[in-house]
Amino acid sequence: DVLSDPETPQYKAYQWMAHDDQHYQSFKETTSDVAILAEMVMQRYSVTVLHYSLGFTQETIGLEDECQWPSITCDGENVTELNFSDKMLNGIIPPEI
C-alpha cells in the first residue's frame with residue numbers, strides 16, 4: 001500500500017498534509033462545506049504527490065496555497081496548468097495526476 005510505505009511520494013504527501021501543512025490545517029478548521037474541503041484535499045494531495053515524485057522537498061513546496069507554488073497556474077482556486085519545462089526533472093508522474 002503506497003500510503004504505508006515511507007519511500008513513496010504518496011506517503012510523504014499524506015504525512016506532510018496530516019502533520020505539517022499549516023495551510024491545509026487552517027482551511028480544514030475554517031471550512032464547513034464538506035464538498036469544498038474534499039475538492040481542496042484532492043487537488044492539494046495530487047500536486048503534493050507530483051512534487052514529491054519529481055524530487056521536490058517540503059521546503060520547495062511551501063506552506064501557502066498550492067496556487068502560489070512555482071510551476072503551478074490556477075484559475076481562481078483550481079489548478080489549470082503544471083509547467084515544469086524549465087526544470088531538469090527526473091521522476092515518474094504519479095497516477096494521482
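Reader: How many residues lie between strand 1 and strand 2 in the hairpin?
Author: Two residues separate them, and G76 in the turn has a positive phi of about 75°. This is a predicted model, where local features need pLDDT of at least 70, side-chain atom pairs count only at pLDDT 80 or more, and totals for chains, interfaces and linings use all residues. Residues are numbered from 1 along each chain as its sequence is written, and side-chain values use heavy atoms, without hydrogens and water.

Reader: In what sense do strand 1 and strand 2 pair?
Author: Antiparallel, over four bridges, with strand 1 at residues 72-75 and strand 2 at residues 78-82. Strands (E, at least two residues) and helices (H or I, at least four) are DSSP runs numbered from the N terminus, and pairing takes at least two DSSP bridges.

Reader: And which residue is the bridge partner of T73?
Author: E81 in strand 2. I72 stands opposite L82.

Reader: Switching to helices. At what angle do helix 1 and helix 3 cross?
Author: Roughly 130°, with the axes of helix 1 (residues 9-19) and helix 3 (residues 34-53) coming within 8 Å. Axes are lines fitted to C-alpha atoms, for helices over the stretch in contact (heavy atoms within 4.5 Å), and angles run from 0 to 180 degrees between N-to-C directions.

Reader: Which residues of helix 1 meet helix 3?
Author: P9, Q10, K12, A13, Y14, W16 and M17. On the helix 3 side they meet V41, R44, Y45, T48, V49, Y52 and S53.
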